[in-house]
Amino acid sequence: MNRVRQQDLGTPAPATTGTVEIEIDGLPATVRAGTSILRAARESGVDIPKLCATDSLKPFGSCRMCLVEIDGRNGYPASCTTPVEAGMKIRTQSDAIATLRRNVMELYISDHPLDCLTCSANGDCELQDMAGAVGLREVRYGFEGANHLDAGVDASNPYFQFDASKCIVCSRCVRACDEVQGTFALTIEGRGFQSKVSAGISEDFFDSECVSCGACVQACPTATLMEKSIVEHGQPEHSIKTTCAYCGVGCSFVAEMKGDQVVRMTPDKDGLANHGHSCVKGRFAWGYSTHRDRVLDPLIRDSIEEPWRKVSWDEAIGYAAQRFREIQTEHGRKSIGGITSSRCTNEEVFVVQKLVRAAMGNNNVDTCARVCHSPTGYGLKQTLGTSAGTQPFDSVMDADVIIVIGANPTEAHPVFASQMKRRLRQGARLIVLDPRRIGLVRSPHIKADYHLPLLPGTNVPMINALAHVIVAEGMVDEQYVRERCDIDSFEAWKSMILRHENSPEQVAKVSGVPARDIRAAARLYGRAERGAIYYGLGVTEHSQGSTMVMGMANLAMATGNIGFSGCGVNPLRGQNNVQGSCDMGSFPHELAGYRPVQDDEVRGSFEQHWGVSLDPEPGFRIPNMFDEACAGRYKAIYIQGEDVAQSDPDTKHVEEALANMECVVVQDLFLNETAKFAHVFLPGTSFLEKDGTFINAERRINRVRPVMPPRQGKDEWLITQELAQALGYPMNYANAAEIMDEIAELTPTFANVSFSFLDEVGSVQWPCNDSAPMGTPIMHIDQFVRGKGLFIETDYVPTEERTNRKFPLLLTTGRILSQYNVGAQTRRTDNMVWYDADLLEVHPSDAEVRGISEGDLVSLSSRKGEITLTATITERVQPGVVYTTFHNPETGANVVTTEHSDWATNCPEHKVTAVQVTPASHRSEWQNQFDENAKRQGKILETS
Ligand code: SF4
Ligand code: SF4
Ligand code: SF4
Ligand code: FES
C-alpha cells in the first residue's frame, strides 16, 4: 500500500476567478489572478523553499525562505506574500537567492538540535527538507552562544507534545489555532531572540484554552508539535483515506499506518466536509477500536442470569435464528424485529432492515434516529418535500445572519463550528436560541448579536413570535412566496402567526425572553440578505419537535431563505450516519429513500428485487417495541450498534422491556448496558475495519475504507447476511459494493452512486442520479422537491411535563466536546482526562437556596426516578434550569427523563424534564442497583 501525500501549495487559493499570464524561470504559466507567486510556482511544478507558509493559512512572510527575483523590481520579495501580476517574469533560482536562503537556513539550524536521525519527524520535517533544498552543508555559527536547545518539553496533552527546543517560531501553530480552529489559545510571547510559543500565560497546553483539535500539530513544519503516537511508534509507512465515525460532520481522514497499526489520523485536505480540519475525537480518539474491552468472540447464554459462553460464529448465528423462529411460531410473525444503528455504514444498515422485512416478514424495524432526528425527517418532508437538510456546510460562508437553535456546535459539531466561527469573524451576525449560554454566545472574537435564553420546551412559541414580527412588520419576501410556495397554506399560516398569542409580548411570558429581544432578533433575520438556520437536538427532542422543524421551514420560506447558498434549514446530525440510516429505509413505515411501505408500486419494486412478499403494514417504532415487550407481546429483538438501555429515555421502562424479551441479540463492539439483557452477543467492527459509506449532515456520501481486517473475523454486513440465511432467506452479497449497487438500483435519489464512482469523485451529496449526475449540494434551487413549499400551521401545544412545587426545575441535556453520545468509544480513550463523569450544572441562585456548593454530590429526581451526580455551579444555565450530559452509564441521566415524545414521530422529549435537586449524602438507589445489575453482564467463560 502507498502513503497518501497531502500536497501543500504554500498559500490558500485566491477567491478570484480570472487568470493572468506570467513567466516562471523562463517558462510561461497561466494562473488565477491574485494567486501568490509561491502558489503559482508550485502549481506550475516549481517548488520554492518555504517555512512559514502553508496553504491552510494566510501568508505571513516571516521566514524569508521563499525569496524570488522579479524582472523590473528591486530586491528579493517574499513569494508567499506577493501576488502574481499579468506579465510578471519571476526567477526562483539564482546565486544571490541561493546564498540568501542558505544564510537564513544556517541561522535556523544553528539554534536547532541536530538529532535528525533520531528525531521522530525524521523524513517528515519541512526544516530538514528545506535544509536539503537550499543545499546547506555547514553551519558557521557554533552552539556556544545563547540558544534554545535546552528548552523543555510540554507533554501535558495526552495526544501531542510540544518540544520547544525544536521551535523555529514560524507562528504556523498560532495562526492555525486562530484562523482554522478559532480558539486563539496560542500566542508568541516575547520579542526577537526571546520569542516563543505560549499556550496562555505560563500555562501548559493541558491547562490552557486548547481544545486539542490538532490544527497546530498539523501546521507545525518541525517536530516541535508532534503526535505522541508518532513519537512512540515512528513514522507511518502507508495510509488510506476514510471517514470519521463520530459526529455528523463526517470529516475525511487519512489513516496513517505502520503494518496494521494506526499511528496517526490526519484530516484530509481534500475532504469536502472538513477541508483538512478535525476535532479531538476524530483526530486522536480512535484507540477504542483496539481497546482490551473489545469483544472478539460471539457469545451466547440461555438466560441473562447466566455467564456468557464463547461460541463459534455458526453456533451464535444458528442459535439466534432458531430462537427467532421458535418465538415467531409461538407468538406470531410480528413478535420480533430489529433496530439499525446510525453508527454503522449504509450497507450494514440496509441489510438489517432487509433482514427484518424479508426474512422476519414484518416491518418492525426502526433506527436510533428515532430518538434524535426523526422530527427532522418528518418536518422537512412535510414542508419542503425531502427529509434532509438543504445546504452544504460551505454554504455558511455566504450567510449574512446565522440562527443557531438548540445546537451546541463547538461541542458537538466542532469542525463545522470552526467554519461558522470563521464566517462570524468575517462579519456575519449571530442569533442563538438556547436555554443555556453555549460557547458560541461569547468566545474569542465572536459575540452573538442576540442570545435568547428561552425556557426548555418553548421553541415553538419562540419561532412563532419571530415569524409574527416578520409578518407584522412587512419582512415577508412576497415575490418568493408567490412564486415558490402554496399560497393557501401561506395565508392560513399568516393568519395563525398574526394571532395575539404569537406576539413577542405574549411569548415573552411563556419563554422568559424579553419581547424587545425577540423583535430585534426577528428584524435581524428578516432583513438579512441571506439568513441560515442551524439546529440540533434542542429542537427535535421535544414533544413538539416536528412542529418546531416545520416552524423553522415556514420562517425560512416566508423570508425567501431556501434554495440559495448562505441560507437554508440545516439539521446538525448527532451521529456519523444518522442521515444514512434514515435514508436506507430504517423506519417502520418507509423503504429506502423515504418511500411508504404501504405504496404498492414502491413495495412491489422491492418485492421483485428481493424475491419475497413484503408486509404492507408499517411496523413498530422503538417506543412501541418497548411498550409491546412490557405487555408481553413483543418477544425478541436484533439490535445493531445501539445502546438503548443507556441512550433511550425512561431507563427503567427500557430495562423492563428488555428483561421481558425472550431473545435479545446485540451486535456491538463492547458489552454495553443493553447487553446486560442480551442472550446473543455478535461482535461488531469498528470504523477502521469497515468497508462502506456514511452520509453526513449535508447529505454527503463519504467512503469508509478498511485500514485493517475485521478484528473479530467477519464484516458486519456478512453477520447479518448469515443470520438472514439461517432464517431461511437467501441473501448473497459478495461484498459491500454489491449492497450499494442494490441500494442505487432501488432508490432513485442514489441511482448513480457506487463505490467506484465515489472512489473516483471523492464524495457526493444526494440526490445523485441522471438529473444530478454529480450530486446536489443545495436543495430546492428552482422549486421545492414537493413542488410548492407548504406552510404548516404551528400551534403551540405545551408539553405535559410541567414544573410544580415538588419538581420546580427544568432539566435539559447535551454533549461535551471530548465525549461522544453514550461514551462507549470516548470513555475508552484518553479523552477521559477532560471529562470522566457527567456533571450537573446549577445556577448560583438555585444552588444557594438549596445549600449546594461546587463539587457537592446532589440528588436529581423527577417523576420517573432519582440519580445522584456532582454539581457544578455556573451561570451558563439560567435560574430554574439545570443541565447535564449523558455520557456515562453509571450516571443514569435517562433514569429521570420521561416517556413524553414528539406527537408525530415519538422522538423522546429528552430536553425537558421537571426535576428537583437537593444535596445528597450517598448514591441513589438506582446507582446501587446499577452496580448490582453489572453482574447481569455475566462473566465470559472461555469454552462452551
Ligand atoms: S490543538 Fe487546536 S486548540 Fe489546541 S492549541 Fe492547537 S490549534 Fe489551538
Ligand atoms: S511550534 Fe511549530 S508551528 Fe509553532 S512556531 Fe514552533 S515550529 Fe512553528
Ligand atoms: S467534527 Fe465530527 S466528524 Fe469531524 S473529526 Fe470531529 S467528531 Fe469526527
Ligand atoms: S514562506 Fe514566505 S516568508 Fe516564509
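This is a predicted model: local features need pLDDT of at least 70, side-chain atom pairs count only at pLDDT 80 or more; totals for chains, interfaces and linings use all residues.

Me: Why is Lys635 called buried?

Reply: The cut-off for buried is under 20% relative accessible area. Lys635 comes in at 12%, so it counts as buried.

Me: What does Lys635 touch, leaving out residues up to four places away in sequence?

Reply: Ile327, His331, Ser335, Met661, Glu662 and Cys663. Contact here means heavy atoms within 4.5 Å.

Me: And Pro683, what makes that one buried?

Reply: Its relative accessibility is 0%, and buried needs a value under 20%, so Pro683 gets the label. Pro683 belongs to strand β28 (residues 680-683). Not counting residues up to four places away in sequence, Pro683 touches Val295, Leu296, Asp297, Pro298, Trp313, Asp668, Gln712 and Ile719.

Me: How far is the C-alpha atom of Pro683 from that of Ala199?

Reply: They are separated by 42 Å, and the two residues are 484 residues apart along the chain.

Me: Let's do whole elements. Why is helix α4 called largely enclosed?

Reply: Because 10 of the 10 residues of α4 (residues 172-181) are buried. Among them are the charged residues Arg172, Arg175, Asp178 and Glu179.

Me: What covers the buried residues of α4?

Reply: The cover includes α3 (126-133), β7 (186-189), β8 (196-199), α5 (215-219), β9 (225-227) and α12. Just after α4, Gly182 takes a positive phi of about 80°.

Me: What makes strand β36 largely enclosed?

Reply: Five of the five residues of β36 (residues 881-885) are buried, so the strand is largely enclosed by the rest of the structure. Val881, Tyr883 and Thr885 point one way, Val882 and Thr884 point the other way, and all are buried.

Me: How do you know that β32 pairs with β36?

Reply: A pair needs at least two bridges. Five bridges join β32 (residues 809-814) to β36, so by that cut-off they pair, and they run parallel.

Me: How many bridges join β33 to β36?

Reply: Two bridges join β33 (residues 839-842) to β36, and these strands run antiparallel. Leu840 stands opposite Thr884 in β36.

Me: On to helices. At what angle do α13 and α17 pack?

Reply: Helix α13 (residues 459-472) and helix α17 (residues 515-526) pack at about 65°, with their axes 8 Å apart. The crossing of α13 past α17 is right-handed. On the α13 side, the contact is made by Met462, Ala465, Leu466, Val469 and Ile470. On the α17 side, Ile518, Arg519, Ala521, Ala522, Arg523, Tyr525 and Gly526 take part.

Me: How do the residues of the contact of α13 with α17 divide?

Reply: Into nine nonpolar, one polar and two charged.

Me: Last, the ligands. What surrounds ligand 1?

Reply: Phe160, Cys177, Leu186, Phe205, Cys210, Val211, Ser212, Cys213, Gly214, Ala215 and Cys216. That shell divides into nine nonpolar, two polar and no charged residues. Cys counts as nonpolar in this scheme, and Gly as polar.

Me: How many residues surround ligand 2, and which are the closest?

Reply: 14 residues, the closest being Cys167, Cys170, Ser171, Cys173 and Cys220. The shell around ligand 2 has 10 nonpolar, three polar and one charged.

Me: And which elements give two or more residues to the shell around ligand 3?

Reply: The residues around ligand 3 include Cys244, Cys247, Cys251, Cys279, Lys281, Gly282, Pro414 and Val415. The elements you're asking for are α7 (280-284) and α12 (414-425). The shell around ligand 3 divides into nine nonpolar, two polar and one charged.

Notes:
Residues are numbered from 1 along each chain as its sequence is written. Chains are lettered from A and ligands numbered from 1 in the order in which they are written. Side-chain values use heavy atoms; hydrogens and water are left out. Buried means under 20% relative accessible area, exposed over 50%, partly exposed in between (1.4 Å probe, protein chains only). A residue is near a molecule or strand if one of its heavy atoms lies within 4 Å of it. Axes are lines fitted to C-alpha atoms, for helices over the stretch in contact, and angles run from 0 to 180 degrees between N-to-C directions. Helices (H or I, at least four residues) and strands (E, at least two) are DSSP runs, numbered from the N terminus. A crossing is left-handed if the near helix is turned anticlockwise from the far one by less than a right angle, and right-handed if clockwise.
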